[in-house]
Amino acid sequence: MLRKFFYLIFIDTLVGITSLLLSFLIRFDFQIPSEFSSLLINWIIIFSIIQSLVFLNTKIYQSLWRFTSIFDLIQIIKSCIISLSAFYLVIIFLTGIGGYPRSVLVLFGLFNTALICSTRVLVRIYFSHYKHNLRVSLKKKKEKKLILIGAGSTAEKVCREILSS
């Protein structure tokens with residue numbers, strides 16, 4: 001369980017690093033100037049620590065990724081905003097108002113939030129659509145036909161439960 005927990009933190013940290021690198025690359029037309037290389041490395045270290053601490057404190061890792069819901073995504077967006085705000089404050093405290101590309105921070109905020117939410121959604125899609133189909137095709141089990149009468153929320157829940165079992 002602990003190994004899986006660190007694996008999830010590692011994935012989010014890797015997504016954050018990718019977002020930051022992508023932001024720098026897009027800002028500088030895929031050629032990062034040498035004066036910003038050390039800045040990028042420093043920011044990667046700072047952000048990785050801040051995001052991990054914020055995500056741990058907001059309990060993002062308590063829910064299972066395969067059951068990600070809209071409420072989980074809202075919580076992730078809130079956590080991303082908190083971690084980005086803390087990151088911005090630390091950057092301003094360490095380097096002042098100038099001396100760094102502010103457009104990178106805006107791009108980074110957008111990419112980081114989008115990519116972290118995307119990882120959760122992709123895991124949800126995999127478990128809800130593809131893993132079930134692989135399991136059924138491997139088992140070649142005999143299916144029974146079923147008619148479900150009703151169109152309310154209870155019928156929808158029954159259908160989801162049947163499809164997932």
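Helix α1 covers residues 2-27, helices being DSSP runs of H or I with at least four residues, numbered from the N terminus. The expected span of a helix is 1.5 Å times one less than its number of residues; for the 26 residues of α1 this gives 38 Å, and the end C-alpha atoms are 38 Å apart, which agrees. The model is predicted: local features need pLDDT of at least 70 and side-chain atom pairs count only at pLDDT 80 or more, whereas totals for chains, interfaces and linings use all residues. Residues are numbered from 1 along each chain as its sequence is written, and side-chain values use heavy atoms, with hydrogens and water left out.

The buried residues of α1 are L8, I9, I11, D12, V15, G16, S19, L20, S23 and F24, where buried means under 20% relative accessible area (1.4 Å probe, protein chains only). An α-helix has 3.6 residues a turn, so residues three or four places apart point the same way. After α1 comes D29, with a positive phi near 50°.

The protein chain contains five helices and zero strands. Of its 165 residues, 30% are buried. Among contacts (heavy atoms within 4.5 Å) with a separation of 6 or more, 79% involve residues 24 or more positions apart.

The largest nonpolar core has 31 residues, and those with the most contacts inside it are L20, F24, W43, F55, I76 and F87. A nonpolar core is a set of buried Ala, Val, Leu, Ile, Met, Phe, Trp, Tyr and Cys residues joined through side-chain atoms within 4.5 Å. Two or more residues each come from α1, α2 (37-57), α3 (70-95) and α4; α2 gives the most, with nine residues. Leaving aside neighbours within four places in sequence, F55 is in contact with D12, I60, Y61, S79, C80, S83 and I116.

Eight aromatic pairs occur in the structure. Rings of Phe, Tyr and Trp (its six-membered ring) pair if their centres lie within 6.5 Å; planes under 30 degrees apart count as stacked, over 60 as edge-to-face and the rest as tilted. F47 and F87 form an edge-to-face pair, at 5.3 Å centre to centre and 75° between the planes. This pair links F47 in helix α2 with F87 in helix α3, 40 residues apart. F47 is buried, with a relative accessible area of 3%, and F87 is buried at 0%.

N112 lies in helix α4 (residues 102-139) and counts as buried because its relative accessibility is 0%. Not counting residues up to four places away in sequence, N112 touches V15, G16, S19, F47, Q51 and C80.

Methods
Buried < 20%, exposed > 50% of the residue type's maximum accessible area, 1.4 Å probe, protein only.
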